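Q: I have a structure to go through with you. Could we take it piece by piece?
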Amino acid sequence: MRAPELLSGVRVVAKPAAIDAARLPAGTTMLRIAPDDAIVAGVATLTIDDPYAIIEPEYAFVHWRLTPEEFAGVTDHIEWPLPTDGRLGQGLIAGVPAKVLIAPDHVLLVVSAGLADELSERLW
């Protein structure tokens, strides 16, 4: 399997309503970690309507962009319900904490950069 790519973007901690209302540029992806916490991949800056928002560059995660066929082999290592409707799924994959975001034509498999080698070894 190929090496993962850096998930470049910003981390946003803000009021849930402010994150919900964020206007994202085309080509970006929001990974909603929690109601008040998100990673927005594909941007260097972002403006949120929350004066107390924390918006900082995110460098801690890597990802694989998998085809649905590639992801089918990964699902054997997931024991939790897969997310629907473009929501982020989080849990152990092959015993490693990871995240998935399922789109119609691909799946983002996201993991902390420090755990990427471990997950790769366990999956492939």
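Q: Which strands does helix 3 lie across?
A: In this predicted model, helix 3 (residues 116–123) lies across strand 6 (61–66), strand 7, strand 8 and strand 9 (107–112). Helix 3 runs at about 130° to strand 9; axes are lines fitted to C-alpha atoms, for helices over the stretch in contact, and angles run from 0 to 180 degrees between N-to-C directions. Helices (H or I, at least four residues) and strands (E, at least two) are DSSP runs, numbered from the N terminus.

Q: What should I know about numbering and cut-offs?
A: Residues are numbered from 1 along each chain as its sequence is written, and side-chain values use heavy atoms, with hydrogens and water left out. As the model is predicted, local features need pLDDT of at least 70 and side-chain atom pairs count only at pLDDT 80 or more, while totals for chains, interfaces and linings use all residues.

Q: Which residues of helix 3 are buried?
A: Ala116, Leu119 and Leu123 are buried, where buried means under 20% relative accessible area and exposed over 50%, with partly exposed in between (1.4 Å probe, protein chains only). They cover an arc of only 70° around the axis, which puts them on the same side of helix 3; the arc is that of the directions from the helix axis to the C-beta atoms.

Q: And what is on the face turned away from the buried side of helix 3?
A: That face carries the exposed residues Asp117 and Glu121.

Q: What covers the buried residues?
A: The cover includes helix 2 (68–74) as well as strand 6, strand 7, strand 8 and strand 9. Contact means heavy atoms within 4.5 Å.

Q: How are the strands in that region ordered?
A: Five strands form an open antiparallel sheet in the order 1-6-9-8-7; two strands pair if DSSP finds at least two bridges between them. Strand 1 (5–6) and strand 7 (88–93) are the edge strands, each pairing on one side only. Strand 7 pairs with strand 8 (residues 96–102) in the antiparallel sense over six bridges, and Ile93 stands opposite Val96 there.

Q: Which residues touch the most other members of the largest nonpolar core?
A: Of its 18 residues, these are Ile93, Leu109, Val111 and Leu119. A nonpolar core is a set of buried Ala, Val, Leu, Ile, Met, Phe, Trp, Tyr and Cys residues joined through side-chain atoms within 4.5 Å. Among the residues that Ile93 touches, not counting those up to four places away in sequence, are Trp80, Val100, Leu109 and Leu123.

Q: Now the other sheet: which strands stand at its edges?
A: Four strands form an open antiparallel sheet in the order 3-4-2-5. Strand 3 (29–34) and strand 5 (54–58) stand at the edges with a single partner strand each, so one side of each is left without a neighbour in the sheet. Strand 2 (residues 9–13) and strand 4 (residues 37–41) pair over five bridges, with Arg11 opposite Ile39.

Q: Is Thr28 buried or exposed?
A: Thr28, in the loop between helix 1 and strand 3, is buried because its relative accessible area is 17%. Its side chain reaches the backbone oxygen of Pro25 at 2.7 Å. Thr28 also touches Val40, Ala41, Gly42 and Val43, not counting residues up to four places away in sequence.

Q: And Ala18, where is that?
A: Ala18 is in helix 1 (residues 16–20) and is buried, with a relative accessible area of 7%. Leaving aside neighbours within four places in sequence, Ala18 is in contact with Ile48, Asp49 and Asp50.

Terms used. A polar contact is a pair of N or O atoms within 3.5 Å; within protein, one must be able to donate a hydrogen and the other to accept it, and residues adjacent in sequence count only if both atoms are side-chain atoms.
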